[in-house]
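Let's have a look at the chain together and walk through it step by step.

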Amino acid sequence: MEKVYTVNEVREQVKAWRREGLTVGLVPTMGYLHEGHASLIKKAVEQNDKVVVSVFLNPTQFGPTEDLEAYPRDFEADCKLCESIGAAMVFHPEPSEMYAPDFCTWVDMDVLSKTLCGKSRPIHFRGVCTVVSKLFNIVTPDRAYFGQKDAQQLAIIRRMVRDLNMDIEIVGCPIVREEDGLAKSSRNTYLNEEERKAALILSKAVFLGKKMVEDGEASAAAVKEAMIKKIESEPMAKIDYVEAVDGLSMQPVEEIKAPVLVAMAVYIGKTRLIDNFIVE
């Protein structure tokens with residue numbers, strides 16, 4: 001497996017693969033990889049001849065008071081994981097390689113980015129769309145892989161690819177959970193023992209809402225109310241949002257009929273965690 005640090009190195013290698021007629025998959029990550037990322041890389045390795053994993057902690061998607069500096073990093077462990085699964089390349093650029101000092105070109109999206117996480121993180125999705133577009137231009141993959149835990153991000157990237165006529169297949173992969181139900185996240189490392197137990201309230205609320213829908217409940221308000229009540233039973237939890245939205249437009253719905261995303265963001269102590277379920 002190659003470790004590369006510059007855009008030119010990636011381009012040269014991908015061109016060489018293309019000359020051999022090989023397909024290329026891309027898994028964009030911010031590093032500190034866990035089993036959730038591993039599931040994306042495995043799927044990419046199954047579906048493509050060569051897989052590029054980008055490990056880039058993208059500064060433009062963090063607000064001034066967010067956790068960019070504290071975000072966990074372990075590049076050596078990331079490389080071991082990628083190599084063990086069969087990735088062909090890890091692309092690990094410095095911010096200066098991705099953003100010139102006078103950088104001023106952004107990929108911004110309306111509508112889909114205004115709800116859910118976009119409300120409390122107003123610049124987040126502009127940063128995501130911009131860096132993902134850049135990675136698509138650098139790697140020119142046939143397919144790119146994203147987790148459904150970041151369901152709004154997945155919907156936004158699918159819409160960006162459609163709206164900007166990008167010739168890339170976007171593959172969404174299911175949420176990977178710990179044995180006790182907690183969704184895998186690099187931010188779980190912020191939690192102390194007590195907070196880790198409290199964080200289970202997110203998946204408990206998700207499973208409750210999902211069961212209500214499976215049992216025939218079609219009122220978004222009723223499902224949200226039950227989930228909010230469940231989360232509020234945990235003293236350490238502070239709700240950012242619990243919403244039911246159209247799975248394509250990310251706009252609020254009153255009735256739960258597919259495709260619908262029921263998503264939440266909840267603070268456990270100072271750590272903001274997300275979870276969701278999708279009605280398909």
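So, what share of the 280 residues in the chain is buried? Buried residues make up 50% of them, where buried means under 20% relative accessible area, exposed over 50%, and partly exposed in between, with a 1.4 Å probe and protein chains only.

A word on where this comes from. This is a predicted model, in which local features need pLDDT of at least 70 and side-chain atom pairs count only at pLDDT 80 or more, while totals for chains, interfaces and linings use all residues. Residues are numbered from 1 along each chain as its sequence is written, and side-chain values use heavy atoms, with hydrogens and water left out.

Now the overall picture. The chain holds 10 helices and 9 strands; these are DSSP runs, H or I of at least four residues for helices and E of at least two for strands, numbered from the N terminus. Its C-alpha trace spans about 55 × 40 × 40 Å along the principal axes. The radius of gyration is 19 Å, which agrees with the value near 19 Å for a compact globule of 280 residues; that radius is taken over C-alpha atoms, and the globule rule is 2.2 Å times the number of residues to the power 0.38.

What about contacts, meaning heavy atoms within 4.5 Å? Among contacts in the chain with a separation of 6 or more, 72% are between residues 24 or more positions apart.

Next, the domains. The assignment gives domain 1 (2-173) and domain 2 (188-274), with bounds that come from an automatic or database domain assignment. The C-alpha centres of domain 1 and domain 2 are 26 Å apart. Where they meet, 18 residues of domain 1 are in contact with 16 residues of domain 2.

Let me finish with two residues. H37 sits in helix α2 (residues 35-47). Is H37 buried or exposed? H37 counts as buried because its relative accessibility is 13%. Leaving aside neighbours within four places in sequence, H37 is in contact with T29, G31, Y32 and S186.

The other one is G172, in strand β6 (residues 169-173). G172 has 22% relative accessibility, so it counts as partly exposed. Again leaving aside neighbours within four places in sequence, G172 is in contact with F146, Q148, L154 and R158. As for R272, which is 100 residues from G172 along the chain, the two C-alpha atoms are separated by 22 Å.

Definitions and conventions:
Contact means heavy atoms within 4.5 Å.
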